[in-house]
Amino acid sequence: LGASAWAPLPIAPIAPPLASAFAPELVARGKLLASLGNCAVCHTARNGVPNAGGKQLETPFGTVYSTNITPDAQTGIGSWSLEAFVRAMREGISRDGHRLYPAFPYTSFRNTSDDDLKALYAYLMSQTPVRFRPPETKLPFPFSARPLMAAWNGLFLGRNTFVASATQSAQWNRGAYLVNGLGHCSACHTPRNAFGAEKTGAAFMGGGSAEGWEAPALSSLSNSPVPWSEDELFSYLRFGHAPLHGVAAGPMAPVVADLAALPDSDIRAMANYLASLNPVEANVDTAAMARQYEHASAITGTPSGVGARLFDGACAACHHTGSGPQLFGAHPSLALNTNLHSATPDNLIRVILDGIGSPARPELGTMPAYRDSFNDAQVAELVTYLRQQFAGGKPAWQDVAASVARIRATPVAE
Ligand code: HEC
Ligand code: HEC
Ligand code: HEC
């Protein structure tokens, strides 16, 4: 590596381009790509102006603040040329030459085509400039030393390179491009190593974490009781719920909300690619499998035990089972929900404590929070009961009360 690779040069500032410099079709396509990349999800502070930055992202290395990506010349990216933008998206280097942290998913974004980056740039530069300087990121030493990211990139950046496959269909390749490029799905769904880089090989999409939630495995490591078919994946990504699985909540809700901008053909392509990561065997009847789980967990008789009574009193009205065909939609089936079958109770505890206030799609409805009505011991009783009732056969979770206390103490930042 030459010296310039370690200490990148600034790219000369430009006068902010006029919005009229960009063709409207290009801007419209860029807007759609910005949705796919969830730019505004990360670049908007709580109650802040969209894309003006300042959202706090908690990482194992400390708090990283997102930056202002509106075209303000002083505080945003107004003076960035296309070249500077492309370098940031592919190499994680800011216009002035400082290294960016991979909390910004440039490790995935780098797989984006020249044409798509051009459209994204046109869209970003056509927004209204907002003068706002977000708080500065100050990680503790040694992570404070941004030049060290050069070594990090040297070790890890090449790993996420997406190469189109000649043996796969055009649809599969399109899906792989969307998922592994702007979609940056692996940023949450792949576990990370001690340096904060996504693991590879069998760990790819093997389940990661995001904002205090578990992002379940999408690979053969999936804990989902019923395997994910292409149709189920399509339904989940398009509508925020899948009949044989459940709903998209937590940090997955804004992802699904943003995917609404994409045409069905793109969602279908993503589903086609994701289904290939963990193919359903040809002789498996997933609907019959789901019915079996539902029957096995159906509640009969009067509830006995603290957990059962809590469920009956607080949850059963909306999450009834064994009482006819109305198991799905606004009454998500708990027997088919991956979170009940996971190795950890974290997402289930999250949902019980915090409820679901911002659904992925309005028609999914909301769920009340039980943070103030149940104490830790009650949540633990309920969660232990739910595991036993709805994930029959899976081992009981250990130290549930400790998990409840931990999760209660770390409220999700919005
Ligand atoms: C998961 C959160 C996340 C998402 C999604 C995200 N960003 Fe960022 N982005 C960040 C963070 C955090 C930083 C600041 C990193 C740092 O300071 O080292 C950043 C920095 C940047 C920068 C560098 C700005 C500068 O002044 O140096 C650009 C450009 C950028 N993002 C563009 C985008 C675009 C375009 C999208 C959508 C396609 C996007 N980001 C999506 C978190 C995100
Ligand atoms: C910000 C982190 C984040 C990003 C980015 C993200 N996900 Fe998720 N995903 C999650 C979380 C958390 C859940 C669990 C949601 C729940 O249980 O309500 C989830 C759930 C899912 C599930 C359901 C898995 C199961 O077994 O229940 C699928 C499928 C999925 N995501 C696909 C994707 C795809 C495709 C992308 C990229 C377009 C993506 N995710 C991007 C965090 C993320
Ligand atoms: C007023 C109706 C209502 C009540 C009461 C209710 N829920 Fe829900 N629950 C919902 C709805 C609606 C959703 C889906 C919301 C969405 O995705 O936007 C949901 C989703 C869930 C999910 C899936 C979350 C995910 O991310 O996969 C779980 C688990 C859950 N509820 C458990 C419970 C438990 C346990 C109780 C009792 C403590 C309970 N619910 C009480 C309506 C309710």
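**Terms and the numbers behind them**

User: What covers the buried residues of H11?

Analyst: The cover includes H2, H3, H9, H10 and H12. The buried residues of H11 themselves are Met252, Ala253, Val256, Asp258 and Leu259. Helices are DSSP runs of type H or I with at least four residues, strands are E runs of at least two, and both are numbered from the N terminus.

Before we go on: this is a predicted model, where local features need pLDDT of at least 70 and side-chain atom pairs count only at pLDDT 80 or more, while totals for chains, interfaces and linings use all residues. Residues are numbered from 1 along each chain as its sequence is written, chains are lettered from A and ligands numbered from 1 in the order in which they are written, and side-chain values use heavy atoms, with hydrogens and water left out.

User: How do you know how confident the predictor is in the chain?

Analyst: Look at pLDDT, the predictor's confidence in each residue, from 0 to 100. The chain has a mean of 93, and 96% of its residues reach 70 or more. Over residues 323-330, though, the value is below 50, and this stretch has 14 contacts in the model beyond near neighbours in sequence. A contact means heavy atoms within 4.5 Å.

User: Why does Asn38 count as buried?

Analyst: Its relative accessibility is 6%, and buried means under 20% relative accessible area, exposed over 50%, and partly exposed in between (1.4 Å probe, protein chains only). So 6% puts Asn38 in the buried class. This residue sits in the loop between helix H2 (24-36) and H3.

User: Then why is Asp399 called exposed?

Analyst: Apply the cut-offs again: Asp399 has 61%, so it lands in the exposed class. You'll find Asp399 in the loop between helix H17 (376-390) and helix H18 (400-409). Ala401, in helix H18, has 41% and is therefore partly exposed.

User: What makes the phi of Asn38 worth a remark?

Analyst: Most residues other than glycine have a negative phi, and most peptide bonds are trans. Asn38 isn't a glycine, yet its phi is positive, about 55°. Asp399 also has a positive phi, near 50°, without being glycine. As for peptide bonds, a cis one joins Phe141 and Pro142, with omega about 5°. Pro142 is in the loop between helix H6 (114-125) and helix H7 (149-156).

User: Which residues come closest to ligand 2?

Analyst: Cys185, Cys188, His189, Met252 and Thr338, out of 25 surrounding residues. A residue is near a molecule or strand if one of its heavy atoms lies within 4 Å of it. An N or O atom in the His189 side chain is 2.9 Å from a ligand 2 nitrogen, and a polar side-chain atom of Trp228 is 3.0 Å from a ligand 2 oxygen.

User: How many residues of each class are in that shell around ligand 2?

Analyst: There are 19 nonpolar, five polar and one charged. Nonpolar takes in Ala, Val, Leu, Ile, Met, Phe, Trp, Tyr, Cys and Pro; charged is Asp, Glu, Lys and Arg; the others, Gly among them, are polar.

User: Last one: why does Arg350 count as buried?

Analyst: Arg350 is at 2% relative accessibility, so it falls in the buried class. It's in helix H16 (residues 346-354), and a polar atom of its side chain lies 2.6 Å from the backbone oxygen of Thr410.

Definitions and conventions: Polar contact = N/O pair within 3.5 Å; in protein donor to acceptor, adjacent residues only side chain to side chain.
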